[in-house]
Amino acid sequence: DMIKDFEYRGFTVINTNECHDICSDKVMNQIVFDRYNFNTPKTVRVYHSEGSDEALKELDTKFPIILKTGSGSRGVGVVLVETAASLNSIVQLLYRENEFQDILLQERIDTEYDVRVIVCADEIVGVMKRPIAEGDFRSNVSQGSKAVTHTLTKLEAEESLAVARAVEGMLVGVDFIPAKDRKKDRPYFIEVNSTPGLIGIEDIITGSIVENILNKLREIK
């Protein structure tokens, strides 16, 4: 609401309200990925409390799979599901707690790490590789992963920039799982964050972020 008010009053905001709406909703993330034909793990939506079997059939992949609630950050709301029985119980529980809960099922891509690309004003200002946290299946730094530096391939860089443009983000974090052949095959995009966590690289990229934003504001003026 505050961002809407700033926009109405003529202020330039770092990310628009529309960008926040897309990035804060994993369903909208997936809709944008599909609309612009970005590569993602196979993903389907669960539409009601008894819809897990139908969604699982549509997903057509082997267990374990990933369940995601529509909202959530820092890896909270992302669940590794091992069996159809567990999936059905989890879906029923989530809908009991919130009948309007959005739920996505996603193919699990085997990987040792994922990548966060920080894009600011159509320029990549930071990249970090996030290994899967020990004893977990998630790679969030907030869940115990240790971020390390990483170099993108040309394809990964081009597609990460395209994803940031698709959500019209001035400052976003683009997350993807690398393909096995990184130079040849497209990465699997997971989500875009309009308030990206910078833990692990904030000291390195803060200056670049400020400079890029100021340059972008000069262009707007």
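Biologist: What should I know before I start?
Modeller: This is a predicted model, where local features need pLDDT of at least 70, side-chain atom pairs count only at pLDDT 80 or more, and totals for chains, interfaces and linings use all residues. Residues are numbered from 1 along each chain as its sequence is written, and side-chain values use heavy atoms, with hydrogens and water left out.

Biologist: How many salt bridges are there?
Modeller: The count is 11, taking a salt bridge as a side-chain nitrogen of Lys or Arg within 4 Å of a carboxyl oxygen of Asp or Glu.

Biologist: Why would such side chains pair?
Modeller: Side chains of opposite charge can pair when their charged atoms come close.

Biologist: Which residue does aspartate 175 bridge to?
Modeller: Arginine 130, with the closest N and O atoms 3.4 Å apart. Aspartate 175 is in strand β8 (residues 171-177) and arginine 130 in strand β6 (residues 123-131), 45 residues apart. Strands (E, at least two residues) and helices (H or I, at least four) are DSSP runs, numbered from the N terminus.

Biologist: Are those two buried or exposed?
Modeller: Both aspartate 175 and arginine 130 are buried. Buried means under 20% relative accessible area, exposed over 50%, and partly exposed in between (1.4 Å probe, protein chains only).

Biologist: Which residues are in the network?
Modeller: Salt bridges link Asp114, Arg116, Arg130 and Asp175.

Biologist: And where are arginine 182 and glutamate 156?
Modeller: Their side chains form a salt bridge at 2.8 Å, N to O. Arginine 182 is in the loop between β8 and β9, and glutamate 156 is in helix α6 (residues 154-166), so the pair ties together parts 26 residues apart in sequence. Glutamate 156 is buried at 1% relative accessible area, whereas arginine 182 is partly exposed at 22%.

Biologist: Changing topic, what about methionine 2? Buried or exposed?
Modeller: Methionine 2 counts as exposed because its relative accessibility is 60%. It sits in helix α1 (residues 2-8).

Biologist: Where is threonine 40?
Modeller: Threonine 40 is in the loop between α3 and β1 (43-46). With a relative accessible area of 13%, threonine 40 is buried.
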